[in-house]
Amino acid sequence: MENNVVHRAAEDLEKHLGDPRREENPFSYRQALLDDEKESFPETLYEALNTWGVASYYIPPAIGGRLHSFQELVAIVKVVARRDLTAAIAHTAIYLGSAAVWLAGTQAQKEGLARTVQGGGPVAFGLTEKEHGSDLLACEVSAVSVDGGFLLSGQKWLINNAQRSAAMVVYAKTSAQGGPRGFSLFVLNKEQLDKNNYEYIPKLKTHGIRGADICGITFDRCFVASDAIIGMPGSGLELTLKSLQVTRTMCAALALGCANTALLTTLDFSLSRSLYGGSITDIPAVRRKLVNAFLDMLINDCVTTAAARGLHIVPEQFSTWSSVVKYFVPVTTENMMHDLSSLLGARYYLREGNEAIFQKTLRDSAIISLFDGNTAVNLQNIALQLRFLLSGSGGGTKGNEGLADRLDKVFCLGTELPAFDAAKLALFNHGQDDVLQGLPRCVELLHTLKEQ
């Protein structure tokens, strides 16, 4: 898919939603702030996304969806995130909940979930537990095998779309011994569950995205049919880690939308603000902060776009690529926004006025670093593979075959992308990393450009 085609859908969605700075716009910053103050779910924007058809971009084309390009999906998510991160996270959580089914589900599971998603049904992912956080091998929610299915017991915590969801994927222990092959994933149609065997814990109060449906669910010997299991029994950890390689990359799009809102809000204020007899943009320190913020946003955009394209070109390398992107882009965005806050002065702290969207965006964006593996988890994942990457154990003659061609496809936006092959996702990249191994070529290209 060529670059101009990639952005066509995002441009159409942008026009559909209109200028968020116009207060009369139902999808405005004003409406986002009102929902946030009331801790109300952003129904208006969420339903507008369904009406336009955003959900179809979460579904692979093989089962009737429009997910031809992750680069295209990134562009769409950015459009939503720059208006209201609460709505963006709630809606993109559909892909998070669905990813394992697209990766390893049966045809019946895929088609059933696709119908749910296309029909506007939210999807949730019950992964973490309060006592165990990111330690997936310590999870205690169990699925005990019985005739015709399994009995789910235990509590999942911090689930987006928990109560609103029509379907939920749950990570549960299927072997008493636990271990890497002791967990499985189940896709649940909540209409088919006995309501007497599960209940929700109350909505959790959060620092940002206050209107989000974030809570938990407790199962008490809740029966699920045997055809609910995704992939092979015991493959839950592997499928989860592979799914997160994709969703971590998509998280960067959420951060880019926040960065866009923060920078434009600060720029609008700076251009209209007079101080000491002139515009504050006459002050070198102010100009420097604005320019640095813009450069940070461009760098993050380049990193995210390359990663989104890389999913199509080198998915087998995303055990590290996804962690690099998930660490770098949200953290850089957070630092950028804190730098910009000094230009707004007291206004960045206010929950009313023309710049009020800044404080909401600042609070909301902090959560991006936390989910799909927090900053520490992603750094640890990189560290575990670092010695293999630096030793170049995968970068011999065989590893470098086709390197130039792959890099051109990743970084040249006019190059058409092949279809995404989820089967190539791997838990370990064996020291093969095209970006790292392509650095000498980049140096050569820079010298060539310098001589021209």
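Modeller: With a relative accessibility of 46%, Phe411 counts as partly exposed; that class lies between buried, under 20% relative accessible area, and exposed, over 50%, for a 1.4 Å probe and protein chains only. The model is a predicted one, in which local features need pLDDT of at least 70 and side-chain atom pairs count only at pLDDT 80 or more, while totals for chains, interfaces and linings use all residues. Residues are numbered from 1 along each chain as its sequence is written, and side-chain values use heavy atoms, with hydrogens and water left out.

Phe411 belongs to helix α13; helices (H or I, at least four residues) and strands (E, at least two) are DSSP runs numbered from the N terminus. Apart from its neighbours within four places in sequence, Phe411 is in contact with Ala306 and Val435, where contact means heavy atoms within 4.5 Å. Phe41, 370 residues from Phe411 along the chain, has its C-alpha atom 38 Å from that of Phe411.

A pocket is an open set of points on a 1 Å grid over the protein atoms alone, where a 1.4 Å probe fits, with protein on both sides within 12 Å along at least five of seven lines; lining residues have an atom within 4 Å of a point. The space in the second largest pocket comes to about 670 Å³, a volume being what is filled by probe spheres set on the points, which are joined across faces, edges and corners. Two or more lining residues come from each of α9 (284-313), α10 (318-344), α12 (375-391), α13 (403-411), α14 (434-437) and α15 (439-451). The most is given by α10, with five residues. Sorted by class, the lining holds 19 nonpolar, two polar and three charged residues. Here Ala, Val, Leu, Ile, Met, Phe, Trp, Tyr, Cys and Pro count as nonpolar, Asp, Glu, Lys and Arg as charged, and the others, Gly among them, as polar.

The whole chain gives the setting. Its secondary structure comprises 15 helices and 10 strands. The radius of gyration, taken over C-alpha atoms, is 23 Å, close to the 22 Å from the globule rule for 452 residues, so the chain is as compact as a globular protein of that length; the rule is 2.2 Å times the number of residues to the power 0.38. Along the principal axes, the C-alpha trace spans about 80 × 60 × 40 Å. Buried residues make up 52% of the 452. Of the contacts with a separation of 6 or more, 77% join residues 24 or more positions apart.

Helix α4 (residues 43-52) illustrates the burial: Leu45, Tyr46, Ala48, Leu49, Asn50 and Trp52 are its buried residues. Their cover includes α2 (8-17), α5 (70-81) and α6 (85-104). After α4 comes Gly53, with a positive phi near 105°.

Among the strands, β1 (residues 123-126) is buried on both sides, with Val123 and Phe125 pointing one way and Ala124 and Gly126 the other. Four bridges pair β1 in the parallel sense with β4 (residues 167-173); two strands pair if DSSP finds at least two bridges between them. In β4, Met168 is the bridge partner of Ala124.

Within β7, Arg221 has a positive phi near 50° although not a glycine, and is exposed at 54% relative accessibility. Ile209, in the loop between β6 and β7, likewise has a positive phi, near 35°, but is buried, with a relative accessible area of 1%.
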